[in-house]
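Here's a quick briefing to go with the fold below. Have a look at it first, then read on.

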Amino acid sequence: MAPLREAPFVLRMKNGRVLNFGAGPSAMPLPVLEQAQHEFLNWEQTGVSILEISHRSRQFMKVVEETQENIRRLYGIPDDYEVLFIQGGGHMQFAMVPLNLAGEKPGAYAVNGIWSKKALAEAVKVGSARCAAECEGRVPTAEELDTQDSAYTYYCSNETVNGIQYQEVPRTDGLLVADMSSDFLSRPVPIDRFGLIFAGAQKNLGPAGLTVVIVRKDLLGKASPKVPTMLNYETYAKSSSLYNTPPVFSIYMSWLVTKWILREGGLKVMHDRAKTRSSLIYDHIDRSEGFYRNKINKADRSRMNVVFNLKSKELEERFVTEAQEQGLTSLKGHRLVGGIRASLYNAMPVDGAERLADFMSAFCERNA
Ligand SMILES: *Cc1c(COP(=O)(O)O)cnc(C)c1O
């Protein structure tokens, strides 16, 4: 049957792939995809696919343990922390955090973008929470954070939609909680400064379906008995994250990705690459004399999601279409904020960012 309309031309690499700048689910490292493809039908001589194996089999339990162990090694996670595998994404953590950690005192939320705002709204719904600071286009200073009389201080380390990232862990005395969904495993982090960190896998770790929670052990077991079993962190800690059927494929892929990061040299290497990639794009924005515009406070610019605008919506649409023809895809900004967004996660090679920067130069010359 003939296609209804001719597919637009897209320049592709030899293997048929493109450079994917999507924000999530996002690009995965090619060697990981190739390995998964290679062993898809017969995984480790079991005669079945990873999708067909019992989550309680010895082989799969080894995958769960090794993935947790790899995350521990990469971050240097101290022994008094648990690494838990949960489902429900970042959104479910917006509810689980207050259900498990807020008691008589509210959680205090630093709001500086879409995700921290959503987290606060959900926390208000299920428990008690209040705003600790509200600022647009930048990270709040330590002085601005009002964390008095709160159960914990919550922040989003990288605002994926707005392109804002904390470059340092905020200084607070109390318990610190962070949403690291979009910069997980992208740089070293002093885990012992935190009570809890969570991250949905689909930005920088693996496929959608898995959420990683790193939590200090003394915080477990404090939830009210009314909290549903599956929303209580203790359930996952007591069962090695195998209380019910976990997202086996997502865990398996995340296992391969953590092994890939270890082989590449770890989080310091990931961070150096992230700085190189994002600087290439920001330098182009700053040297374009206003052709490309980024409104974020320079010190707070995200190394993962570079957002920018052109002078009109029409020009932005042309940018996205022409970039796509060049094999640079998914550059359209989030529907709520528009503009352009280039997500540059771990799996994006530095020369991918170079290709985008070259395209930006050429596009600017043609249209300035
Ligand atoms: C994507 C994202 C979320 C939401 O994740 P879901 O898994 O879709 O619920 C939350 N926080 C941040 C920072 C994100 O980037």
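**Overall shape**

With 368 residues, the protein chain would have a radius of gyration near 21 Å as a compact globule, and its 21 Å agrees with that; the radius is taken over C-alpha atoms, and the globule rule is 2.2 Å times the number of residues to the power 0.38. This is a predicted model, so local features need pLDDT of at least 70 and side-chain atom pairs count only at pLDDT 80 or more, while totals for chains, interfaces and linings use all residues. Residues are numbered from 1 along each chain as its sequence is written, and side-chain values use heavy atoms, leaving out hydrogens and water.

**Fold and packing**

- Along the principal axes, the C-alpha atoms of the protein chain fill a box of roughly 65 × 60 × 40 Å.
- You'll find nine helices and 13 strands in the protein chain, taken as DSSP runs (H or I, at least four residues, for helices; E, at least two, for strands).
- Of the contacts (heavy atoms within 4.5 Å) with a separation of 6 or more in the protein chain, 66% are between residues 24 or more positions apart.
- Buried residues make up 53% of the 368 in the protein chain, where buried means under 20% relative accessible area, exposed over 50% and partly exposed in between (1.4 Å probe, protein chains only).

**Cysteines**

- There are zero disulfides in the structure, a disulfide being a pair of cysteine sulfur atoms within 2.5 Å.
- The sulfur of cysteine 131 has its closest cysteine sulfur in cysteine 135, and at 8.7 Å that is too far for a bond.
- Cysteine 131 is partly exposed at 31% relative accessible area, whereas cysteine 364 is buried at 16%.
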